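Welcome! Below are a few exercises to work through with the model open beside you. Try each task before reading its solution.

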Amino acid sequence: MTIDWKKKRDRKEEVKARAGEPSLRFHACRVVGCGKPSRAATEDGLDTFFCRSHAEHYARHGSPYKGSYTAKEIAPHRKRASAWLEANKDDPWVANAEQRVQTLYANAGPHVEAFRLNGLSPQERVKAAWARLRKANVDPQKVVAACLAIELTVRADLQPDSKPEYRRVQMAKQVHKMASGTHKRWPSAVGGPKELHVYPRSRGQVLRHLGADLEKCVELVIHRHESFRIGEP
């Protein structure tokens, strides 16, 4: 066993031990009206802010309070964003955003099958997602449109979560879906045709890192055209 793997194993054991020791310093979940103990106050983890259910919600959606936008809520804004991008395809800031996506494609490294992601760090999983998008030939304009659609959806929300993290996670969830997964079929397998469908998990730090990449791609477009109200005719 190498030194790096030994350190990783020791660190994992240390965290596991700490997570199994309830701390009386931390009490209730900070979500108003919840009343459950935080994970650090139980034998269920180190989170000092939220109970297990709200911690899981936060990991998946980017907010412990608000869920992700539905496809129905996003659809009209995606349509407006796509139309706006097509009408402004010669704009230098639009071209810059799409080029940044292309650069992420180019720098993603080799394609990694979805069932080979176990053991990879969140940053490595994000690179794998960009590589899957590249392999699937996803048009960079669609990636930019998905991000602008979330920006418009948040602006139209009467009760939005205005924190940057929520926006990033919502952008990441939309683009992560485009990366799909790994699908294989063996028509001549023993016992008849066999199929394999594996989809990467959409949660946690992977969404935060992917969202940060996406935010950098579209930040100039949003800043440059904010006064024109993106997507409005």
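**Exercise 1.** Which residue forms a salt bridge with glutamate 165, and how far apart are the closest N and O atoms?

*Solution.* Keep in mind that you are looking at a predicted model.
Step 1: the partner of glutamate 165 is arginine 208, with 2.8 Å between the closest N and O atoms.
Step 2: find both ends. Glutamate 165 sits in helix H7 and arginine 208 in helix H8 (residues 204-225), so this pair ties together parts that are 43 residues apart in sequence.
Step 3: check accessibility. Buried means under 20% relative accessible area. Arginine 208, at 12%, is therefore buried, while glutamate 165, at 22%, is partly exposed.

**Exercise 2.** Find the salt bridge between aspartate 157 and lysine 66, and work out which parts of the chain it ties together.

*Solution.* Step 1: the two side chains meet at 2.9 Å, N to O.
Step 1: aspartate 157 belongs to the loop between helix H6 (140-156) and helix H7 (164-178), and lysine 66 to the loop between H2 and helix H3 (71-87), so the bridge links parts that are 91 residues apart in sequence.
Step 2: aspartate 157 has a relative accessibility of 19%, so this residue counts as buried.

**Exercise 3.** Now turn to the largest nonpolar core: which element gives the most residues to it?

*Solution.* Step 1: this core has 39 residues, and those touching the most other members are Trp130, Val143, Leu148, Leu214 and Val218.
Step 1: list the elements that give two or more residues: H3, helix H4 (92-106), helix H5 (122-135), H6, H7 and H8.
Step 2: H6 gives the most, with 10 residues.
Step 3: zoom in on valine 218. Leaving aside neighbours within four places in sequence, valine 218 is in contact with Val144, Cys147, Leu148 and Met171.
Step 4: look for a second, separate core. That one has 5 residues, including Cys29, Val31, Cys51 and Ala55.

Notes:
Residues are numbered from 1 along each chain as its sequence is written. This is a predicted model: local features need pLDDT of at least 70, side-chain atom pairs count only at pLDDT 80 or more; totals for chains, interfaces and linings use all residues. Side-chain values use heavy atoms; hydrogens and water are left out. A salt bridge is a side-chain nitrogen of Lys or Arg within 4 Å of a carboxyl oxygen of Asp or Glu. Helices (H or I, at least four residues) and strands (E, at least two) are DSSP runs, numbered from the N terminus. Buried means under 20% relative accessible area, exposed over 50%, partly exposed in between (1.4 Å probe, protein chains only). A nonpolar core is a set of buried Ala, Val, Leu, Ile, Met, Phe, Trp, Tyr and Cys residues joined through side-chain atoms within 4.5 Å. Contact means heavy atoms within 4.5 Å.
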